[in-house]
Amino acid sequence: MNAILELKNISMNYQEATSETQAIKDVSFSVNKGEFISIVGPSGCGKSTLLSIISNLITQSSGEVSVVGTVGYMLQKDHLFEWRNILQNVLLGLEIKKLLTPENIAYAKELLNRYGLGEFKEHYPSQLSGGMRQRAALIRTLAVKPEILLLDEPFSALDYQTRLYVSDEIANIIRKEEKTAVLVTHDLSEVVF
Ligand code: ADP
Ligand code: MG
């Protein structure tokens, strides 16, 4: 099997003025193309730190990370900009990466249509339900065509019933788009689901 993501002996110590926090100690694993893996653990155990290292937002204290392809990172909060409509929000990643080509814009619109937000392109985030916002955030992440998706407690901001529905939906989207995904959460039921 060919690993698309590989972590070898990753440790992370946060240095502060008077103290040091060891957030991660000696973590190793690998993920093959098309796999969906979940990491579950209590709050504070280093889950977000791990995803931030994989996405290269922070650098580990020791160990090696190898990633084949680009990484898309979906955070716990949807972080949609309230002053941009849904289409403008979904195009944000492409805009930042200077990839706003007609083909990429068409792909983003196609994702919105495919996943039931086509009619809401011109709406603003405040006009959408929590589940729809979360879907828009996922589409924004998918629009840049990442090979690996990182999901940080993606459903914890939603109420229980919405969560069941949205997690089913999002699992389907990831399956359909044949993405490799790493999900972290403190919620065992989310992982099982
Ligand atoms: P989780 O996502 O599992 O809740 P985190 O990765 O956010 O855990 O945090 C792991 C540990 O690292 C915690 O003890 C937290 O206080 C500490 N930590 C996280 N980010 C920082 C930071 N930027 N500076 C210092 N300590 C941090
Ligand atoms: Mg976290």
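Colleague: Which residue in S6 is the bridge partner of Tyr73?

Modeller: In this predicted model, Tyr73 has Leu150 as its bridge partner in S6.

Colleague: How do you know that S5 and S6 count as a pair?

Modeller: Pairing takes at least two bridges, and four bridges join S5 to strand S6 (residues 148-152), so the two are paired, and they run parallel.

Colleague: And what makes S3 and S5 edge strands?

Modeller: Strand S3 (36-40) and strand S5 (71-74) each pair on one side only. The open sheet has the order S3-S7-S6-S5, with parallel pairing.

Colleague: Which helices pack on these strands?

Modeller: H1 lies across S3, S5, S6 and strand S7 (180-185), at about 155° to S6. Helix H5 (residues 130-142) touches S5 and S6, and its direction makes about 165° with that of S5.

Colleague: Let's turn to the ligand. Why is the approach of Thr49 called a polar contact?

Modeller: The cut-off is 3.5 Å between N or O atoms. A polar side-chain atom of Thr49 lies 2.5 Å from an oxygen atom of ligand 1, so this pair qualifies. Ser48 also qualifies, because one of its polar side-chain atoms is 2.9 Å from a ligand oxygen. For Gly44 a polar backbone atom is involved, at 2.6 Å from an oxygen of ligand 1.

Colleague: How much of ligand 1 does the protein bury?

Modeller: The protein buries 61% of the 560 Å² that ligand 1 exposes when taken alone.

Colleague: Which element gives the most to the shell around ligand 1?

Modeller: That is H1, with three residues. By class, the shell has four nonpolar, six polar and two charged residues.

Notes. Residues numbered from 1 in each chain as written. Chains lettered and ligands numbered in written order. Predicted model: local features only at pLDDT ≥ 70, side-chain atom pairs only at ≥ 80, totals over all residues. Heavy atoms only, no water. Polar contact = N/O pair within 3.5 Å; in protein donor to acceptor, adjacent residues only side chain to side chain. Areas by Shrake-Rupley, 256 points an atom, 1.4 Å probe, with all protein chains shown as cover. Nonpolar A, V, L, I, M, F, W, Y, C, P; charged D, E, K, R; others polar. Contact = heavy atoms within 4.5 Å. Axes fitted to C-alpha atoms, helices over the stretch in contact; angles between N-to-C directions.
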